[in-house]
Amino acid sequence: MVRLRLTRFGRKKRPYYRIVAADSRSPRDGRHLEMLGHYDPVPDPVVLKVDMARVDYWLGVGAQPSDTVAALIKKARESASAEG
C-alpha cells in the first residue's frame, strides 16, 4: 500500500520534513516514490508547501495519508482557499 507520509531531514533539534508518497513497508527515511512538498515547523509562521495536484492524484489512486500528513493537507487546502 502507498502511504503519504513525512520523512525527516535537518539537524538535531531543527527538524525539516518532506511530504512523500512511499510504500508502507519502506523505512521512514528510506526510498520513496515521489516528493509532494515540504514542511518546516521551526520558524514562525511555519513553512508548508504542497503540490496539491499530485496529492489529489495519489489520493485518487488509493494512497492513504498518515494522520499528520492528512492534517497538513487540510491546512494547505484551507490556506489555498483563503488566498484566492
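I searched the whole structure for aromatic pairs and found two. For me, rings of Phe, Tyr and Trp (its six-membered ring) pair if their centres lie within 6.5 Å; planes under 30 degrees apart are stacked, over 60 edge-to-face, the rest tilted. This is a predicted model, so I asked for pLDDT of at least 70 for local features and 80 or more for side-chain atom pairs, while totals for chains, interfaces and linings use all residues. I number residues from 1 along each chain as its sequence is written, and side-chain values use heavy atoms, without hydrogens and water.

Y17 and Y39 are stacked, with 6.2 Å centre to centre and 25° between the planes. Y17 is in strand β2 (residues 14-23) and Y39 in strand β3, so this pair links parts 22 residues apart in sequence. Strands are DSSP E runs of at least two residues, numbered from the N terminus.

I noted Y39 as buried, at 15% relative accessibility. My classes are buried under 20% relative accessible area, exposed over 50%, partly exposed in between (1.4 Å probe, protein chains only).

Y57 and W58 form an edge-to-face pair, because their ring centres are 5.4 Å apart and their planes at 75°. Y57 is partly exposed at 39%, whereas W58 is buried at 12%.

Next I looked up E34, which is in strand β3 (residues 34-40). Its side chain makes a polar contact (here, a donor and an acceptor among N or O atoms within 3.5 Å) with the side chain of R54, at 2.9 Å. Beyond four places in sequence, E34 has contacts including W58 and R54, counting heavy atoms within 4.5 Å.

Methods. Helices (H or I, at least four residues) and strands (E, at least two) are DSSP runs, numbered from the N terminus.
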